[in-house]
Amino acid sequence: RQKLAAFERARLSAARLAARWAQLNMMLGRPLPPWLSGPRDAVFPRILANRELHDSLARIFTMTDAVMRAQTHRQHPVDT
């Protein structure tokens, strides 16, 4: 029972984290009024021009980064 409860807490935490990242992704990509989209569209290419930052953000936003993977992929307690 304790393993199952711990697993449930971990899964809920992972779901919340995934939801927050999904919300941020949607906010960053949604259409904006020109007075907001202009600055956004000018800043992001500059930020992403840095290869290391680009790759790191790509791993975070696709949830393939090691920390994100560890937080969102837990083994089911029945399997342990």
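**Figure 1. Salt bridges in the predicted model.** The count of salt bridges (a side-chain nitrogen of Lys or Arg within 4 Å of a carboxyl oxygen of Asp or Glu) comes to 2. This is a predicted model, in which local features need pLDDT of at least 70 and side-chain atom pairs count only at pLDDT 80 or more, while totals for chains, interfaces and linings use all residues. Residues are numbered from 1 along each chain as its sequence is written, and side-chain values use heavy atoms, with hydrogens and water left out.

Figure 2. R40 is found in helix α2; helices are DSSP runs of H or I with at least four residues, strands are runs of E with at least two, and both are numbered from the N terminus. With a relative accessible area of 17%, R40 is buried, where buried means under 20%, exposed over 50% and partly exposed in between (1.4 Å probe, protein chains only). Leaving out residues up to four places away in sequence, R40 touches M27, L28, G29, R30, L32 and P45, a contact being heavy atoms within 4.5 Å.

**Figure 3. Helix α3 and its ends.** Helix α3 covers residues 51-61, and N50 caps its N-terminal end. A side-chain oxygen of N50 lies 3.0 Å from the backbone nitrogen of E52. Within α3, R51 and D55 are 4 residues apart, so about one helical turn separates them. An α-helix has 3.6 residues a turn, so residues three or four places apart point the same way. R51 is exposed, with a relative accessible area of 57%, whereas D55 is partly exposed at 28%. Just after α3, M63 takes a positive phi of about 55°.

**Figure 4. The nonpolar surface patch.** L24, L28, V43, F44, I47, L48 and L53 form a nonpolar patch on the surface, with about 480 Å² of accessible area together. Patches are made of residues with over 30% relative accessible area and no salt bridge; like charges are joined within 9 Å, and nonpolar side chains (Val, Leu, Ile, Met, Phe, Trp, Tyr) within 5 Å. Accessible areas come from the Shrake-Rupley method with a 1.4 Å probe, and for residues only the protein chains shown count as cover. Two or more residues of the patch come from each of α1 (2-29) and α2 (34-48). Helix α2 gives the most, with 4 residues.

**Figure 5. L48, a member of the patch.** L48 belongs to helix α2 and is one of the residues of the nonpolar patch. At 34% relative accessibility, L48 counts as partly exposed. Apart from its neighbours within four places in sequence, L48 is in contact with H54 and L57.

**Figure 6. The chain as a whole.** The protein chain has 4 helices and 0 strands, running α-α-α-α from the N terminus on. Of its 80 residues, 14% are buried. The accessible surface comes to about 6400 Å², of which 62% belongs to carbon and sulfur atoms. Among contacts with a separation of 6 or more, 68% are between residues 24 or more positions apart.

Definitions and conventions. Polar contact = N/O pair within 3.5 Å; in protein donor to acceptor, adjacent residues only side chain to side chain.
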